[in-house]
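Please read the points below alongside the coordinates.

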Amino acid sequence: MAQRIKGQEVKIQMVGPSGKEDGIIDVQSFEASFQVERLEENYLGETTTRYDDIFNGVKGKIELHLENQTYFRFMERVQRRAQRRDAAEGQFNIMAVLKFPNGQKVRVLLEDVFFGEIPLNVSSRSDYVSTSVDWGCSSGRFLL
C-alpha cells in the first residue's frame, strides 16, 4: 500500500526582491486555492445547460509562528511596496515543495504574489505569537 504525503514532507519558501525571506520559517499551515469559476448558460431551443470555465488566479494563506525580527523586515518590504514608496520592493514568489514518500517531487510555484490583511496575534502568556499571511497571485505553475 502506498504511503500518502504528510505535512512533514512539505517545505514552504518565500522569495522577495532581496532573496529568500528568512522571516517565513515556522510555518504551521499553508493553503493555496486555484480559483476556477464555472460558467453556466442556458439557451432557447436547447434541452441542457452549457458549461465553460474561467481561471481567476490563486489565493491562499500561510500561518506561522515568529522566531526572530526578520519577519518584521518582510512586513516592512510588503508595506513599502503597497505604499509605492520604494521601486526596489518588487516581486514576491512562494514555492511549495512536496516530497512524496515514493520519491516523486512536485514544486508549486506562485509568482508575483500580492498580500491582503496580515494580522499579528498575541493570544495569551502561554501561546506563541503568530501571524497569518493572506496572499493572491495571477497564476501558479506545477514543476513536476
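The notes take the basis of the values, then the sheet, then the helix.

1. The model is predicted: local features need pLDDT of at least 70, side-chain atom pairs count only at pLDDT 80 or more, and totals for chains, interfaces and linings use all residues. Residues are numbered from 1 along each chain as its sequence is written, and side-chain values use heavy atoms, with hydrogens and water left out.

2. Five strands make up an open sheet, ordered E2-E1-E5-E6-E10, with antiparallel pairing. Strand E2 (19–20) and strand E10 (140–143) each have a single partner strand, so one side of each lacks a neighbour in the sheet. Here strands (E, at least two residues) and helices (H or I, at least four residues) are DSSP runs numbered from the N terminus, and two strands pair if DSSP finds at least two bridges between them.

3. Strand E5 (residues 93–99) is joined to strand E6 (residues 105–110) by six bridges, and the two run antiparallel. Within this pair, Ala-96 stands opposite Val-108 of E6.

4. E5 is also joined to strand E1 (residues 10–16), again antiparallel, by six bridges. Val-10 has Leu-98 in E5 as its bridge partner.

5. E1 pairs with E2 through two bridges, antiparallel. The two strands form a hairpin with two residues between them, and Gly-16 stands opposite Gly-19 in E2.

6. Helix H1 has 13 residues and spans 19 Å from its first C-alpha to its last, close to the 18 Å expected at 1.5 Å a residue; the expected span is 1.5 Å times one less than the number of residues. After H1 comes Arg-84, with a positive phi near 60°.

7. Which residues of H1 are buried? They are Thr-70, Tyr-71, Phe-74, Arg-77, Val-78 and Arg-81. Viewed down the axis of H1, the buried residues fall within an arc of 120°, so they line one face of the helix. The arc is taken over the directions from the helix axis to the C-beta atoms. Buried means under 20% relative accessible area, exposed over 50%, and partly exposed in between, with a 1.4 Å probe and protein chains only.

8. The buried residues of H1 pack against E1, strand E4 (50–65), strand E7 (114–115) and strand E9 (130–137), where contact means heavy atoms within 4.5 Å.

9. Arg-77 lies in H1 (residues 70–82) and is buried, at a relative accessible area of 17%. The side chains of Arg-77 and Glu-21 are joined by a polar contact of 2.4 Å. A polar contact is a pair of N or O atoms within 3.5 Å; within protein, one must be able to donate a hydrogen and the other to accept it, and residues adjacent in sequence count only if both atoms are side-chain atoms.
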